[in-house]
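Please open the structure in a viewer and keep the selection tool at hand.

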Amino acid sequence: MIAYIEHFVHGNDTESKPDDDVSGLAANFDLGATGIASKDFGGMKSFKPLALIMPTTTVDVSQAVKAAARTSHLTVAARGNGHSINGQAMADKGLVLGMRAMEDHYFELIWVDGTPYVDVSGGALWEDVLKRCVLQFGLAPRSWTDYLSLTVGGTLSNAGVSGQAFRYGPQTSNVTELEVVNGKGDTLICNETQNSELFFATLGGLGQFGIITRARVMLQQAPDMVRWIRVVYSEFEDYIRDAEWLVALGEGDGFDYVEGFVFVNSDDPCNGWSTVLMDPQNQRFDPVHVPSTSGPVLYCLELVRHYSHVDHPSYVDMVVDRLVGELGFVEGLKFEVDVTYMEFLLRVNRAEEEARSNGTWDAPHPWLNMFVSKSCILDFDREVFKKILKQGVGGPILVYPLLRNKWDSRHSVVVPDSNIFYIVALLRFIPPPPKGPPTELLVAQNHAIIQLCYNKAFDFKLYLPHYHSQENWMRHYGDKWSRFVERKAIFDPLAILAPGQRIFSRIPQSLSIT
């Protein structure tokens, strides 16, 4: 593989010179077909790399970055399971590292001062981490994403958010150590006391400062079962009041998972009443319970309480009934099931199977993810949920509160300036034309929502951001932009890493980022 790169580099770059060390690496690399590396889950961007490298060790990653650094133009992108939306893990005519090839490189249980951790590869899928930790140790990470066929390094480079984040913070707040290959090709162990600036920069850093090859993830005792509950609201004010009350409860006093979503007040099978049901075979949404004063959309609060096999059913009922009894949902629209802990965390797999069978999994996914301040969320509901999105998006519309004090401001990720803010996610699963609307129309709808937020001076940030200009990136990071640029200059001075984010342009060795 390196011999192939070298042929390309030295045939097209007069500044690059042959390097015996680079040439000697050829036998250590597997070269994959580049087709998969030119695509992602979003299905809206395509950039063909020079090569797809399948590294099996951290040394492979380091040597690939160093090989790129010896040129004036090559870039390197780390690709996990390909679930970026806007080409963020692509490298146009550069090198893409297929990090899944390293998925088994690390897996070790470690106890530090009585607390369990697991060291896992940056290329491991969270689903595999879950299964191995639960089945081998009876332990599990504390914070998750909804969909678990994502890589550890991929989510930690963004944040990693799900219904546990209100209590434990995002996944980035549940990692105590990383092994990172920076933009110079150096391999560094980093944590809060060792190479701390790289540690903080890499978490939520969009891959700009280093490639995560190992992460130390905090664990807790895995529960056996969960009580999974959904309750429906007709008024957004009631919905957010209860959601915010629940996320403020202390550990042990409330639910272990709090999420929620918007759905259409109709019998639309993709966007309406039936999407609330967890067990359609045994549950029925009776619209007679919906108040006649309800608007075009309704709201569903999704809750989970963990329990073990030794807990008496009456105790679980008592705890859940006490909490649910405090909520102001629509009477008659409460649904619940008991499932195993692992079944709950893998719940999205069922939706994936359905999407694959109907063709929407392989269709374009013009998704939009954002954080919206509590101060703006009522206006956001009126302008976006009740107007722009009143017909739904062909998939989930998530909206639930998060607590800013669970996020580490030293990390690179930015969130609104509010103690409580909401994640809003438009997760479209729509067939391509002629069955569905043109992708361009849905992208334009996303842009209209973002522009509305700017026009109304909402306090918001894009999550999994994608911008076309550095001016917009500067606005995104605000007063953290200078820190972001300084970190880039230190850890990736040639702007080799993560070119698909379109934040910085590759520069020659003789220059530096300023």
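Does R284 count as buried or exposed? R284 counts as exposed, at 61% relative accessibility; the term exposed denotes over 50% relative accessible area, buried under 20%, and partly exposed the range in between (1.4 Å probe, protein chains only).

Before continuing, please note that this is a predicted model, in which local features need pLDDT of at least 70, side-chain atom pairs count only at pLDDT 80 or more, and totals for chains, interfaces and linings use all residues. Residues are numbered from 1 along each chain as its sequence is written, and side-chain values use heavy atoms, with hydrogens and water left out.

**Salt bridges**

D286 is partly exposed, its relative accessible area being 23%.

Next, select R216 and D119, whose side chains meet in a salt bridge at 2.7 Å, N to O. This pair links distant parts of the chain, with R216 in strand 10 (residues 210–221) and D119 in strand 6 (residues 115–121), 97 residues apart. Helices (H or I, at least four residues) and strands (E, at least two) are DSSP runs, numbered from the N terminus. R216 and D119 are both buried.

Now move to helix 12 (residues 374–388), where R382 and D379 are 3 residues apart and thus separated by about one helical turn. The closest N and O atoms of their salt bridge are 2.3 Å apart. R382 is partly exposed at 39% relative accessibility, and D379 is partly exposed at 32%.

Display the 8 strands that form an open sheet with antiparallel pairing, in the order 14-11-13-12-16-17-15-18. Two strands pair if DSSP finds at least two bridges between them. At the edges, strand 14 (334–340) and strand 18 (460–462) each pair on one side only.

Within this sheet, select strand 16 (residues 397–403) and strand 17 (residues 420–426), which pair in the antiparallel sense over 7 bridges. Here V399 stands opposite V424 in strand 17.

Finally, select helix 8 (residues 236–248), which lies across several strands, including strand 11 (225–233) and strand 12 (257–264).

How values were computed:
Salt bridge = Lys/Arg side-chain N within 4 Å of Asp/Glu carboxyl O. Contact = heavy atoms within 4.5 Å. Axes fitted to C-alpha atoms, helices over the stretch in contact; angles between N-to-C directions.
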